[in-house]
Amino acid sequence: MSIAALRTESSTAAKAILSSGVDTLTSLSAALSAAAPYADISSAESAFVAAIGSDVEKSNDVVDGLYTIVRDALVMAIGNIRVLEKFIGLRVPQMEDGNNFGVTVQMMMAKLLKEKREQLEKSLSETSKYYSSRADAIDKFNHISKTSKVETTTESTGKSTGGKDGDSNTTSSNTSVETKTATGSVNKIDANRVKSLAALDAQMYCDLKFALEGMVDDYLIILDNFEKNMDKLEHPRGKAYGGYGSGGSSMVY
């Protein structure tokens, strides 16, 4: 496949993303409204304390649902921005003197896309730590029994003399597994640790909510900038210019 064909393919993919952009934003906004029922962090914390009750090991269904929606949206947006970055990169014309305003527009848009993509990638990375942090918080509850297994392998060697085949060395090994269960040191659930777990859940709830709201805003800004500057982004030196390494003329329009 030629570079010109790849350039055309990139343009088609970018325009498909842009044409469906408003529908994408509408869908994400609706999903956020349905999955994020709490307007503030204190309401979320109170609801999560009540939901935990006496079962601190059960998952938080609200955060779990939002977690899936937001991280899928982040991955989608990151992928789409990469497509748009490639589109601009493949529309940069040959280096020439003069008539470079369109190229400046391309560079400014490329910078914007890179900044927004890196912000989304950071959000994706940060939210991945939620379940590890939650497991650590649950592990600190003293009323929960903990089970561990210890595997022990013993090996012994010996030597026998005489016999039909003469002297010989022998080796034998034995492996045993011991299961240990440590019962909780107290029967009463620590109310402060329940609040701490609920606060962790509420913090992640807000982080996810803000991440998706920010992504929607950034996506809208990107769509708006493309709509306003599409002609310069696609044809930085005019539609008659052919200096893209495709064999066309390099005439400055």
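**Notebook: rings and a cavity**

I began with the aromatic rings and found that Tyr-38, Phe-48 and Tyr-205 form one aromatic cluster. Rings of Phe, Tyr and Trp (its six-membered ring) pair if their centres lie within 6.5 Å; planes under 30 degrees apart count as stacked, over 60 as edge-to-face and the rest as tilted.

A note on my source: this is a predicted model, where local features need pLDDT of at least 70, side-chain atom pairs count only at pLDDT 80 or more, and totals for chains, interfaces and linings use all residues. Residues are numbered from 1 along each chain as its sequence is written, and side-chain values use heavy atoms, leaving out hydrogens and water.

Next I looked up the aromatic pairs, and the structure holds seven. Tyr-67 and Tyr-131 make an edge-to-face pair, 4.9 Å centre to centre with 70° between the planes. This pair links distant parts of the chain, 64 residues apart: Tyr-67 sits in helix α4 and Tyr-131 in helix α6 (residues 130-139). Helices (H or I, at least four residues) are DSSP runs, numbered from the N terminus.

Is Tyr-67 buried or exposed? Tyr-67 counts as buried because its relative accessibility is 12%, and buried means under 20% relative accessible area, exposed over 50%, partly exposed in between (1.4 Å probe, protein chains only). Tyr-131, at 36%, counts as partly exposed.

The lining is Ile-17, Leu-18, Ile-81, Leu-84, Tyr-219, Ile-222 and Leu-223. Helix α7 gives the largest share, three residues.

Terms used. 1 Å grid on protein atoms, 1.4 Å probe; cavity = no way out; pocket = protein on both sides within 12 Å on 5 of 7 lines; lining within 4 Å. Helix = DSSP H or I, 4+ residues; strand = E, 2+ residues; numbered from the N terminus.
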